[in-house]
Amino acid sequence: MRAALLALSGAIALGGCAGDMLTLAENEEGEATGAVAILDPVTGEERAVVNTKLTEAKLTSRPKPRAIKELRPAYFELLKNLPLKSERITIFFESGKQGIPPSQFGKVDDIRKAMAIRPGAQIEVVGFTDTEDSDEDNENLSTERAMSVVKELIALDLPVDPQDAVGRGEREARANGDPDNFANILYRKVEVVIR
Amino acid sequence: MRSFAMVTALTVALLAQPAMAEIGRIKSTVGPVSIQRGTTTVPAQPGYKLEPGDTVVTGKTGRVGIAFLDDTRFAIGPDSKIKMTTYVYDRPRQSGTFLTEVKRGSLGVVSGKIAKSGKDAMKVRTPTSMLGVRGTKFVVEVKGEGDS
């Protein structure tokens, strides 16, 4: 069986074009380089792992990654078409409250500015809570916070789809180490994501 | 009477199917760019909502930028044919799976939250290989036809 799989994957490799190429670029500011694994398309076994920036590898059955001095000009031009990174605008609440506090209405202008430089913008509204109260209550509260902001943004003629209201409950607070039933104003918030 | 019952049953069945969810949006286009969805082909324009299974096709001078819900971003070059075969994303948990097929052409990628949610949760298939994406920025180019 294994021999048959190897023969099949070899045939696929030979049948493909030897010019197919993977190039790892320098990642964006503040982000680690990461990696791309080249896998056998049939067995899923790793043929090679490319984990150094400015490295290229032909996509053959035996890839041999090699360092390059700079990206090919065509790839440099290609990457200019990447959309802007999404922008996150945070709105904080008082404990148990919903809706945009009057002190933070100025952030609506920030949302409009972020949209203006992103054609066909999508607005996602993500609600959070701290770890006070139960998981279930916090799931509901975070979703209600997100929906309350969605409604306000729609009333301000911003093109928000109610399906883009997301409640993350207390997940972020827990992931960052907060114990259960810990009041933390940093997570009484929504993030408006413009992408 | 029988045909009425069949039409009613078909209507109920169609209504019961969930609407395909948006997975991302076209953000920019240059030159000829189209989206193939089933048997339909439409020109791409900024704001167009992509769904799982859509194929993006660019002409000789076409280029397109796409932003996905998990913050993955694509730049697709000229003379390309690229299918978003599978895209499943749990937004509250920020995890999922994403399979893209590069049938021909060039694809630049900045991976997003799906790639960070599990080992090789994001994959890119080419005619000769499968790539497991582990949180990075890269270009893959397929020069053959590979137009299956």
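Biologist: In which loop of chain B is Ser111(B) found?

Modeller: Ser111(B) is in the loop between strand S9 (95-110) and helix H2 of chain B. Helices (H or I, at least four residues) and strands (E, at least two) are DSSP runs, numbered from the N terminus. Please note that this is a predicted model, in which local features need pLDDT of at least 70 and side-chain atom pairs count only at pLDDT 80 or more, while totals for chains, interfaces and linings use all residues. Residues are numbered from 1 along each chain as its sequence is written, chains are lettered from A and ligands numbered from 1 in the order in which they are written, and side-chain values use heavy atoms, with hydrogens and water left out.

Biologist: Is Ser111(B) buried or exposed?

Modeller: Buried means under 20% relative accessible area, exposed over 50%, and partly exposed in between (1.4 Å probe, protein chains only). Ser111(B) has 11% relative accessibility and therefore counts as buried.

Biologist: Which polar atom lies 2.8 Å from a polar atom of the side chain of Ser111(B)?

Modeller: A polar contact is a pair of N or O atoms within 3.5 Å; within protein, one must be able to donate a hydrogen and the other to accept it, and residues adjacent in sequence count only if both atoms are side-chain atoms. Here the atom is the backbone nitrogen of Thr136(B). Contact in the wider sense means heavy atoms within 4.5 Å. Leaving aside neighbours within four places in sequence, the contacts of Ser111(B) include Asp71(B), Met122(B) and Val133(B).

Biologist: Where is Asp120(B), and what does its side chain meet?

Modeller: Asp120(B) is in the loop between helix H2 (113-117) and strand S10 (122-125) of chain B. Its relative accessibility is 15%, so Asp120(B) counts as buried. The side chain of Asp120(B) makes a polar contact of 2.8 Å with the side chain of Arg134(B). Beyond neighbours within four places in sequence, Asp120(B) is in contact with residues including Leu39(A) and Val133(B).

Biologist: How should I read a helix, and which residues of H3 in chain A are buried?

Modeller: An α-helix has 3.6 residues a turn, so residues three or four places apart point the same way. In H3(A), which spans residues 106-116, Val108(A), Ile111(A), Ala114(A) and Met115(A) are buried. Seen down the axis of H3(A), these buried residues fall within an arc of 120 degrees (taken from the directions from the helix axis to the C-beta atoms), so they line one face of the helix. Lys113(A) and Ala116(A), on the other side of H3(A), are exposed. The cover over the buried residues of H3(A) includes strand S6 (87-92), strand S7 (123-127), helix H4 (135-155) and strand S9 (189-194) of chain A.

Biologist: How do strands S2 and S3 of chain B run, and how many bridges join them?

Modeller: Two strands pair if DSSP finds at least two bridges between them. S2(B) (residues 33-37) and S3(B) (residues 40-43) run antiparallel, joined by 4 bridges. Ile35(B) has Val42(B) as its bridge partner in S3(B). The two strands form a hairpin with 2 residues between them, and Gly38(B) in the turn has a positive phi of about 65 degrees.

Biologist: What is the phi of Leu54(A), which is not a glycine?

Modeller: Leu54(A) has a positive phi of about 55 degrees. Leu54(A) is in the loop between strand S3 (46-50) and strand S4 (55-58) of chain A, and is partly exposed at 21% relative accessible area.
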